[in-house]
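Here is a friendly walk through some strand pairings and salt bridges. Take a look at the model first, and then read on.

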Amino acid sequence: MVYCGGGFVEIHNASPPKVSYSVTMGLPFMRKIETQMIAAINSRKDWKSANTEVFINDNNCANVYLHGNLIAWVNKDNDLTVFDGGWQTNTTKSRLNALCGEFCLTGECIFQKDFVWYVRKLVGAVNGQHVYKTEDFFSGYAFN
């Protein structure tokens with residue numbers, strides 16, 4: 001089980017590009033700073049607290065920074081593009097998964113297995129169960 005975009009999920013067949021099924025979702029958890037970050041993006045207001053900053057550019061897109069490194073864009077249509085900022089840390093992953101929980105489809109997230117980052121992407125449903133594909137993470141991955 002890994003924490004993934006607002007809950008704990010069971011990942012099957014984590015090696016890309018096999019299809020996996022989510023069968024367990026835990027209770028949502030988000031740090032206070034992540035809740036404030038999401039609120040700033042949704043209200044399209046510049047915001048900074050500790051190591052995290054939201055900057056709204058002239059195109060009404062939100063740029064999210066962690067320790068001064070770009071980790072995400074949220075465009076005016078609320079499409080999310082994620083970056084690791086050069087640091088694949090638990091804090092970076094936590095911020096990105098908070099963004100996924102708000103701006104991605106249910107259960108989409110970034111997770112780590114054997115020190116490698118992956119993206120869990122919703123691809124459809126079978127018999128009422130969401131079907132996810134596990135893809136390699138890369139800086140600049142767009143959820144849309």
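## Strands and salt bridges

Cys109 stands opposite Arg120 in E10. This is a predicted model, where local features need pLDDT of at least 70, side-chain atom pairs count only at pLDDT 80 or more, and totals for chains, interfaces and linings use all residues. Residues are numbered from 1 along each chain as its sequence is written, and side-chain values use heavy atoms, with hydrogens and water left out.

Strand E9 (residues 109-113) pairs with strand E10 (residues 116-126) in the antiparallel sense, over five bridges. Helices (H or I, at least four residues) and strands (E, at least two) are DSSP runs, numbered from the N terminus; two strands pair if DSSP finds at least two bridges between them. E10 also pairs with strand E11 (residues 129-136), antiparallel over eight bridges, and there Tyr118 stands opposite Asp136.

Now for the side chains. A salt bridge puts a side-chain nitrogen of Lys or Arg within 4 Å of a carboxyl oxygen of Asp or Glu, and the count is three:

| Pair | N to O distance |
|---|---|
| Arg31 and Glu34 | 3.9 Å |
| Glu34 and Arg95 | 3.2 Å |
| Glu108 and Lys121 | 3.4 Å |

Glu108 lies in the loop between H2 and E9 and Lys121 in strand E10, so this pair ties together parts that are 13 residues apart in sequence. Arg31, Glu34 and Arg95 are linked in a network. Buried means under 20% relative accessible area, exposed over 50%, and partly exposed in between (1.4 Å probe, protein chains only). Glu34 is buried at 2%, whereas Arg31 is partly exposed at 40%.
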